[in-house]
Amino acid sequence: MHLAFSSNGVRPLTALAETEKAVIVEVRADVHGRADRLLALGVTPGAGVTLLQRFPGIVFLCDQTELAVERDVAAAILVRPVEGHA
Amino acid sequence: MSCHVAHERAAAGQRLLALRAHPLRIALVGQPNVGKSVVFGRLTGRYVTVSNYPGTTVAVTTGRSLVGNEVCDIIDTPGVNALEGAISEDERITRDVLTSRQSDLVVQVADARNVRRALMLTSQIAALGKPMLLALNMVDEALARGIVVDAPALAAELGIPVIEMVAVEGRGLPELRASLACAARPRVSAHPNASDRAAWAHDLTDRVRHVSTLSLASIQEALARATRRPATGLPMLAVVLYALYLFVGVFGAQTLVKLLEDDVFGRGINPAAVWFADRFIPIALVRDFFVGQYGVITMGITYSIAIVLPVVATFFLMFGFLEDSGYIPRLAIFCDRTFRVMGLNGKAVLPMVLGLGCDTMATMTTRILGTPKERLIAILLLALGIPCSAQLATIMGILGGISFAALATLFGVVLGQMFLVGWLAARVLKGERSEFILELPPIRWPRLGNLLTKTRLRVWWYLGEAVPLFLVGTALLFVLDRVGALVFIAAAGRPIVTGLLGLPPATAQILVMGFLRRDYGAAGLFQLAHDGQLTGVQAVVALTVMTLFVPCVANFLMMVRERGLKTGLAILSVVTPVAIFTGAGLNYVLHAFGIQF
């Protein structure tokens with residue numbers, strides 16, 4: 001990626017503000033199969049994400065895929081905000 | 001790719017062909033909702049249902065296609081996000097097609113916007129060692145979002161043909177046919193694990209895909225946003241439901257049914273049939289078989305064509321519109337929390353809403369759910385509470401004519417019962433639910449051609465599926481009536497039907513027929529209500545019981561096919577008492593409070 005990172009630390013996707021852009025750093029694999037399923041949908045380290053909506057469910061754009069997930073899943077996706085959008 | 005090597009290979013392939021014992025088998029594989037079924041339709045001329053949500057295709061369809069002068073078998077498969085790891089039942093079906101000898105060649109269909117995900121799958125297909133090519137579909141939509149994929153560069157990197165397509169318009173199809181001979185094993189080094197694969201796909205995507213900030217699809221994006229936000233999404237849902245009620249419940253179930261039943265059948269066909277029978281059929285028994293009280297024409301045909309068909313047709317049209325717009329999966333965002341209480345997650349909204357079309361088909365669609373427990377609960381709830389289109393017809397036809405409160409009571413009781421049974425099932429059944437992760441398709445304006453084709457085929461399917469059963473049911477009723485069994489059934493059912501449920505004795509036979517097909521039973525109720533033999537309370541109670549019954553023989557057989565005989569019988573033995581006792585409870589409460597409709 002050619003994007004500059006801010007000095008902001010890594011945080012879960014749930015901690016982003018709506019419309020905030022970030023890059024995925026890690027997908028925590030603490031529930032069986034979760035990381036596999038996310039990976040298959042393109043939710044992988046290095047992919048760009050934008051949080052679109054927090055309620056009633058979390059909706060985010062990952063690369064070109066719009067995904068709806070429950071809170072626990074979003075919390076397992078660790079991201080680093082992209083500078084200039086934080 | 002430069003194709004002279006490929007042409008030699010193709011020539012060799014054609015020599016091989018002469019020795020082949022079967023036609024070349026080409027599997028169409030790809031992520032969900034990338035247009036495999038459209039490509040299949042274009043190649044074979046066979047239509048398989050095309051919609052705008054992941055999971056429309058959950059079974060394999062095969063068709064023949066002529067490529068050059070060679071006959072090929074084309075295989076349409078359920079969409080897959082991955083071929084290994086945690087995969088659902090429909091994905092397993094595709095994996096089996098790919099790993100077995102069922103396929104010789106693979107055409108990977110991909111959404112041009114989503115090359116990165118497509119390549120992750122390409123790498124997994126490559127590992128199977130079958131010749132393949134990559135079809136980048138929907139390049140028009142990608143372009144509208146400012147995404148350009150350098151297909152020649154990608155082809156050079158992968159060593160396979162890469163074809164750009166807009167399959168719904170037939171663009172790129174000739175190129176696809178021409179390139180089949182050039183299919184090759186991709187030059188992709190084996191990736192030991194998923195993260196290596198992802199990193200490879202990511203790097204390659206960076207090299208071949210250019211994204212500009214230009215976006216021409218802003219109206220669709222604004223609509224997509226509006227459908228998923230509570231402040232706009234919930235009012236939109238209310239508008240959609242109201243439009244559904246107006247189009248299906250009022251226009252279909254009242255205006256069209258009245259026209260067909262009273263005018264076409266009541267004043268035209270039926271009197272003509274009776275006149276004809278009186279003149280030309282001398283034997284009374286045969287005459288009654290056709291035009292009597294339980295006559296094949298006066299009852300069987302009238303029920304299926306005049307009462308149920310108009311509603312089924314209007315419903316399928318509206319429903320197809322919703323399917324193709326991409327709206328239905330967005331409801332999952334609102335349902336997720338409620339479904340979690342029932343041991344499911346938001347994804348289950350797809351089979352549930354599809355059940356309103358046909359519970360039997362929806363039972364198959366439960367394959368997209370993550371765990372066996374979720375599938376079982378979804379199948380149980382479909383059987384218990386989701387009225388299919390034909391049955392919605394009669395519900396709307398009868399209760400719509402009584403009052404809105406009657407309609408609200410029925411749906412309130414049925415939804416409450418589903419919630420209760422789902423809550424119990426989530427606690428009693430072993431296993432776990434999966435986490436809610438759902439891809440949302442883009443909002444699109446439905447294509448009229450697809451909408452009409454889909455509706456036409458579904459109406460034909462209804463005619464082929466339901467009408468014969470209606471006729472068999474009518475014939476059965478006729479026989480039962482003649483041998484005096486109807487009186488016996490009415491007598492045997494009296495403690496339940498008139499005692500517990502407070503219904504007229506004639507309802508017993510209708511409930512029995514409801515086992516054959518719920519809508520057939522409901523059509524019987526429609527007739528009864530029409531003749532003024534049901535009070536408002538009786539209509540609500542009878543329809544509630546009928547709605548909670550297992551939908552039809554076909555649905556029961558599908559449950560057995562998907563989950564085994566034991567489970568099928570278990571579901572039946574849960575659903576039937578729940579239906580009867582709910583009806584009894586409702587009857588008691590309505591009378592205790594003196595409620596009339």
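Q: Contact means heavy atoms within 4.5 Å. Leaving aside neighbours within four places in sequence, what is Leu381(B) in contact with?
A: Bear in mind that this is a predicted model. In it, Leu381(B) is in contact with Met342(B), Leu344(B), Met352(B), Ile386(B), Met418(B), Val421(B) and Gly422(B).

Q: And which residues have the most contacts inside the largest nonpolar core?
A: Leu381(B) is on that list, along with Leu344(B), Met352(B), Leu399(B), Tyr462(B), Leu525(B) and Leu543(B). The core has 112 residues.

Q: Which element gives the largest share of this core?
A: That's H12(B), with twelve residues.

Q: What other core lies apart from it?
A: There's another one of 39 residues, and Ala27(B), Val80(B), Ala118(B) and Leu204(B) are among them.

Q: How much space lies in the largest cavity?
A: About 130 Å³. It is lined by 18 residues, and the closest to its centre are Cys358(B), Cys388(B), Trp461(B), Arg517(B) and Cys552(B).

Q: Which helices of chain B each supply at least two residues of that lining?
A: Those would be H12 (296-325), H15 (359-365), H17 (389-402), H19 (448-482) and H22 (518-530). H19(B) gives the largest share of the lining, three residues.

Q: How do the lining residues divide into nonpolar, polar and charged?
A: Ten are nonpolar, three polar and five charged.

Q: Switching to the two chains: how many residues does the contact take from chain A and from chain B?
A: Chain A puts in 33 residues and chain B 36 residues.

Q: What area do chain A and chain B bury between them?
A: About 3000 Å², with 50% of it on carbon and sulfur atoms. On the chain A side, the residues that lose the most area to chain B are Arg37(A), Gln64(A) and Glu70(A), which together make up 23% of what that side buries.

Q: Let's follow Glu70(A). Where is it found?
A: Glu70(A) is in the loop of chain A between strand E5 (65-69) and helix H2 (71-75).

Q: Buried or exposed, that Glu70(A)?
A: Buried, because its relative accessible area is 3% and the cut-off for buried is under 20%.

Q: Which residues does Glu70(A) touch, not counting those up to four places away in sequence?
A: Glu70(A) touches Asp336(B), Arg340(B), Arg433(B), Ser434(B), Glu435(B) and Phe436(B).

Conventions: Residues numbered from 1 in each chain as written. Chains lettered and ligands numbered in written order. Predicted model: local features only at pLDDT ≥ 70, side-chain atom pairs only at ≥ 80, totals over all residues. Heavy atoms only, no water. 1 Å grid on protein atoms, 1.4 Å probe; cavity = no way out; pocket = protein on both sides within 12 Å on 5 of 7 lines; lining within 4 Å. Points joined across faces, edges and corners; volume = space filled by probe spheres on them. Helix = DSSP H or I, 4+ residues; strand = E, 2+ residues; numbered from the N terminus. Nonpolar A, V, L, I, M, F, W, Y, C, P; charged D, E, K, R; others polar. Core = buried A, V, L, I, M, F, W, Y, C linked by side-chain atoms within 4.5 Å. Buried < 20%, exposed > 50% of the residue type's maximum accessible area, 1.4 Å probe, protein only. Buried area = accessible area lost by both parts, 1.4 Å probe.
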